[in-house]
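Please read this report alongside the sequence and the 3D view. It moves from the whole chain to single side chains.

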Amino acid sequence: MAKQWGIAAFVILVAAGLAVFYQYFLNTSADQEARSRSPARVNVMAPETMPVRDRITAVGTLRARDAVELTAEVSGRVVELDFREGDRVNGGQLLVRLDDRQAQADLQVANARLADARRQYERAQRLRSNNSISQSQVDELRTGLDVGEAERQAARIRLDNHRIEAPFDGIVGLADISIGTYLTAGSAITTLDATEQMELSFSVPERFLGQIQVGQPVEGISAAYANESFQGELAQLGTRVSELSRTLPVRALISNPDGRLRSGQFMSVRLTLREREALVVPEQAILNQGDRKYLFVVDDGVARRLEIQTGSREPGKVEIVDGLSANDRVVVTGQDRLSTGDRVEVIENDDVIPDSQLASGSRA
């Protein structure tokens, strides 16, 4: 029995010794491996404080603030054409004149009849002063004078209807008429658009109703001018939310001094709700893992992973709402191979973020 207990004790001692030796060997190997591993080479940048904007993106359609289709009010043959397609014209400028000889003759007849009615009425007034004529005759002649003045006014209007003038300053569109063309009443002549300012119509989701107001900055981007943005401001808010799309129609005024924007043009819209100062980092520093976002910072030559909350985005930059301080040194290259506790070697390089990446971020 004593012999069996001795054997058991010996086996236990041997096993304990082997375990201690194995643990020592593993720790020694790990320490040697850690000492032999080279520090990761990374670039770092300090977070920036810069203005960021909360924005709504949408799509919209342009149209001229004032736009009309000019038509003929009377029938007639074109005898004068005082514009060319694409011309900028002033309000009140004559564009088209129809043959108005008959209208001028009608006005002359109306003037002659009015003059005769005035003479008869003035003569009747003199005769009435000595009771040579009744008051009813004087009243009848007064009525004839009023009718004559109305007929002259109507003749003047008919004559004016042979002149098509620009109702406001703008640019004339295409026209399919020439001298000698016969136009009937209601025939289309051309279009006129006031293009100094364009109206940009788009819709805003109803969840932003409490944040939008007239005067907020609007930026429009057209595929025709991909590297350029057009500035304006929110000018009108709709009174009804669409029951189908749950959006509110709004309009912005976009400056168009050189006339490059055209009615019917499609534009991407960015409506700025508010602007503030915030902490931002390059967007390439952000790592995504599911719904969570991380970045690495360097502290005394050692990498440390931080979970962060992001906010608005600017070209090539991301706002950090929580999880980062202004004094942290953020890793912007090589972070995809790091783990917390890894030793790092910081490489100084001012061209860490290429300009092309910032440019692509501005179009995102």
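## Basis and confidence

This is a predicted model, in which local features need pLDDT of at least 70, side-chain atom pairs count only at pLDDT 80 or more, and totals for chains, interfaces and linings use all residues. Residues are numbered from 1 along each chain as its sequence is written, and side-chain values use heavy atoms, with hydrogens and water left out.

pLDDT is the predictor's confidence in each residue, from 0 to 100. The chain averages 83. A score of at least 70 is reached by 85% of the residues. Among the elements of the chain, strand S5 has the highest mean pLDDT, 95. Helix H4 (residues 355–363) has the lowest, 41. Residues 24–35 have a pLDDT below 50, and this stretch has 2 contacts beyond near neighbours in sequence. Contact means heavy atoms within 4.5 Å. Residues 354–364 also stay under 50 in pLDDT. For that stretch the model has 13 contacts beyond four places in sequence.

## The chain as a whole

The chain has 4 helices and 19 strands. Both are DSSP runs, numbered from the N terminus: helices are H or I with at least four residues, strands are E with at least two. Of the 364 residues in the chain, 33% are buried. Buried means under 20% relative accessible area, exposed means over 50%, and partly exposed lies in between (1.4 Å probe, protein chains only). Consider the contacts with a separation of 6 or more: 74% of them join residues 24 or more positions apart.

## An open sheet around S5

Which strands make up the open sheet of 4 strands, and in what order? The order is S6-S5-S3-S8, with antiparallel pairing. Two strands pair if DSSP finds at least two bridges between them. S6 and S8 are the edge strands, each pairing on one side only.

The pairings are listed here with one facing residue pair each.

| Strands | Bridges | Facing residues |
|---|---|---|
| S3 (residues 76–81) and S5 | 3 bridges | Leu81 and Val96 |
| S5 and S6 (residues 163–165) | 3 bridges | Val96 and Ile164 |
| S3 and S8 (182–183) | 2 bridges | Gly76 and Leu183 |

Why is S5 largely enclosed by the rest of the structure? The reason is that 4 of the 5 residues of S5 (residues 94–98) are buried.

## Thr190, a buried polar side chain

Thr190 lies in strand S9 (residues 188–205). Its relative accessible area is 3%, so Thr190 is buried. A polar atom of the Thr190 side chain lies 3.0 Å from the backbone oxygen of Leu174. Leaving aside neighbours within four places in sequence, Thr190 has contacts that include Val68, Glu69, Leu70 and Phe83. Val172, Gly173, Leu174 and Ala175 are also among its contacts.

## Rings and charges

The structure holds 1 aromatic pair. It is formed by Tyr225 and Phe230, edge-to-face, at 5.8 Å centre to centre and with 65 degrees between the planes. Rings of Phe, Tyr and Trp (its six-membered ring) pair if their centres lie within 6.5 Å; planes under 30 degrees apart count as stacked, over 60 as edge-to-face and the rest as tilted. Tyr225 is partly exposed, at 23%.

The charged end of Arg260 sits over the Tyr225 ring, 4.8 Å from its centre. Likewise, the charged end of Arg305 sits over the ring of Tyr294, 4.0 Å from its centre. A charge sits over a ring if NZ of Lys or CZ of Arg is within 6 Å of the ring centre and within 35 degrees of the ring normal.

## Two loop residues with positive phi

Most residues other than glycine have a negative phi. Arg246 has a positive phi, near 55 degrees. Arg246 lies in the loop between strand S11 (229–237) and strand S12 (247–255). At 44% relative accessibility, Arg246 is partly exposed.

Asp300 also has a positive phi, of about 55 degrees. Its place is in the loop between strand S15 (292–299) and strand S16 (302–314). Asp300 counts as exposed, at 77% relative accessibility.

Notes
Polar contact = N/O pair within 3.5 Å; in protein donor to acceptor, adjacent residues only side chain to side chain.
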